[in-house]
Amino acid sequence: LKEQEQEMLETIDQKYQEALKKSTRQFHNFTDFPLSWRTLEGLKENDYEKPTEIQRDTILYSLSGSDVVGAAKTGSGKTLALVIPVLEALWRAKWCSSYGLGALIISPTRELALQTFSTINAVGKCHDFSCGLVIGGSELGFEKNRISGINIIVCTPGRLLQHMDENEQMNCDSLQILVLDEADRMLDMGFAKQLNSLVSNLPSERQTLLFSATQTRNVKDLSRVCTKDPVFVSVHENA
Ligand code: ADP
Ligand code: MG
């Protein structure tokens with residue numbers, strides 16, 4: 001299995017490029033995508049078999065390293081559309097606990113952050129990354145000491161900024177991938193300024209995924225600040 005995984009890692013970029021040449025309609029099941037056995041096993045054990053439309057239409061771009069701005073209505077499966085590329089990005093980079101923060105996922109509310117956190121733990125169960133919730137509610141001091149060892153942080157904007165400002169152990173220098181989830185909702189909640197200031201604290205050499213339920217003008221403004229040359233994917237309901 002180790003050898004197979006090594007071989008998969010060596011040829012993965014080629015596999016992405018080949019897959020990108022095909023029509024997305026050829027991807028019926030998650031097993032049709034070039035994914036690590038670890039993620040495939042996690043998907044299978046959680047009964048995720050077929051990608052939803054937003055997942056099918058974004059995952060290959062996200063996997064191959066492009067920035068992606070994705071819009072699809074609530075309930076369309078945006079969580080897995082971001083969780084799978086996050087797991088695969090760290091897997092490709094052979095991330096391990098001592099590498100520090102590799103992925104940052106920002107959610108508007110504690111509840112949504114908690115849901116994303118659960119999905120990562122469920123689908124990512126065969127990976128070795130540590131995942132932590134940074135959402136307030138507990139004492140800052142408690143989060144403070146744990147934060148330096150976390151590979152994937154799922155957070156709300158205010159609490160993360162607080163760590164960036166006050167916690168010298170908070171280090172984002174090695175960040176590979178940033179995800180802004182439910183971006184329209186975060187903007188509706190008045191987080192624009194905080195998001196801009198968060199993003200300015202992050203390394204510019206990174207991948208960024210931005211998901212929202214709607215594509216408003218504010219979402220476009222935010223994507224202009226956060227992403228580089230993104231692929232825009234919008235899933236419309238059939239009339
Ligand atoms: P959104 O973020 O777009 O509002 P979620 O990611 O919360 O949507 O997903 C909505 C529901 O759909 C969840 O219960 C989730 O488990 C389920 N779901 C997501 N993707 C799939 C899939 N590929 N197959 C089956 N169920 C899925
Ligand atoms: Mg969502």
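**View 1. Helix α4 passes helix α5 in a right-handed crossing.** This view, like the others, is taken from a predicted model. The axes of α4 and α5, the latter spanning residues 110–123, come within 10 Å and cross at roughly 50°. An angle between 35 and 65 degrees falls among those called oblique, and α4 and α5 are therefore oblique to each other. On the α4 side, the contact is formed by Thr 79, Leu 80, Val 83 and Leu 87, and on the α5 side by Gln 115, Thr 116, Thr 119, Ile 120 and Val 123. Sorted by class, the residues of this contact are five nonpolar and four polar, with no charged residues.

**View 2. Helices α3 and α4 meet in a right-handed crossing.** Helix α3 covers residues 53–63, and its axis comes within 9 Å of the axis of α4. The two axes cross at roughly 20°. Angles under 35 degrees count as roughly parallel, so this description applies to α3 and α4. From α3, the residues Ile 54, Gln 55, Thr 58, Ile 59, Ser 62 and Leu 63 take part in the contact. Their partners in α4 are Lys 78, Leu 80, Ala 81, Ile 84, Pro 85 and Glu 88. Seven of the residues in the contact of α3 with α4 are nonpolar, three are polar and two are charged.

**View 3. Helix α3 is mostly covered.** Ten of the eleven residues of α3 are buried. The buried residues are Ile 54, Gln 55, Arg 56, Asp 57, Thr 58, Ile 59, Leu 60, Tyr 61, Ser 62 and Leu 63. They pack against several elements: the helices α1 (2–21) and α4, together with the strands β1, β6 (207–212) and β7 (231–234). After α3 comes Gly 65, which has a positive phi, near 105°.

**View 4. Ser 66 lies in the loop between α3 and β1.** The strand that ends this loop, β1, comprises residues 68–71. Around Ser 66 there are 19 other C-beta atoms within 10 Å. A residue needs 20 or more such atoms to be called buried and 12 or fewer to be called exposed; Ser 66 is therefore partly exposed. Leaving aside residues up to four places away in sequence, Ser 66 touches Tyr 61, Pro 230 and Val 231. Asn 171 is 105 residues from Ser 66 in sequence, and the C-alpha atoms of Ser 66 and Asn 171 are 24 Å apart in space.

**View 5. Ligand 1 is surrounded by 13 residues.** The closest of these residues are Thr 74, Ser 76, Gly 77, Lys 78 and Thr 79. Helix α4, which runs over residues 78–92, gives the most to this shell, with three residues. By class, the shell around ligand 1 contains seven polar, four nonpolar and two charged residues.

**View 6. Helices α9 and α10 pass each other in a right-handed crossing.** Helix α9 consists of residues 192–200 and helix α10 of residues 217–226. Their axes come within 10 Å and cross at roughly 15°. With this angle, α9 and α10 are therefore roughly parallel to each other. In α9, the residues Ala 192, Leu 195, Asn 196 and Val 199 meet Leu 222, Val 225 and Cys 226 in α10. Six residues of the contact of α9 with α10 are nonpolar and one is polar, while none is charged.

**View 7. Lys 94 has a phi near 50°, a positive value in a residue other than glycine.** Lys 94 is found in the loop between α4 and β2, a strand of residues 103–106. Within 10 Å of Lys 94 there are 8 other C-beta atoms. Because 12 or fewer of these atoms define an exposed residue, Lys 94 is exposed.

**View 8. Glu 182 has a positive phi, near 50°, although its residue type is not glycine.** Glu 182 sits in the loop between the strand β5 (177–180) and the helix α8 (183–188). There are 23 other C-beta atoms within 10 Å of Glu 182, so Glu 182 is buried.

Notes:
Residues are numbered from 1 along each chain as its sequence is written. Chains are lettered from A and ligands numbered from 1 in the order in which they are written. This is a predicted model: local features need pLDDT of at least 70, side-chain atom pairs count only at pLDDT 80 or more; totals for chains, interfaces and linings use all residues. A residue is near a molecule or strand if its C-beta atom, placed from the backbone, lies within 6 Å of it. Helices (H or I, at least four residues) and strands (E, at least two) are DSSP runs, numbered from the N terminus. Ala, Val, Leu, Ile, Met, Phe, Trp, Tyr, Cys and Pro count as nonpolar, Asp, Glu, Lys and Arg as charged, and the others, Gly among them, as polar. Axes are lines fitted to C-alpha atoms, for helices over the stretch in contact, and angles run from 0 to 180 degrees between N-to-C directions. Angles under 35 degrees count as roughly parallel, over 145 as roughly antiparallel, 65 to 115 as roughly perpendicular and the rest as oblique. A crossing is left-handed if the near helix is turned anticlockwise from the far one by less than a right angle, and right-handed if clockwise. Two residues are in contact if their C-beta atoms, placed from the backbone, lie within 7 Å.
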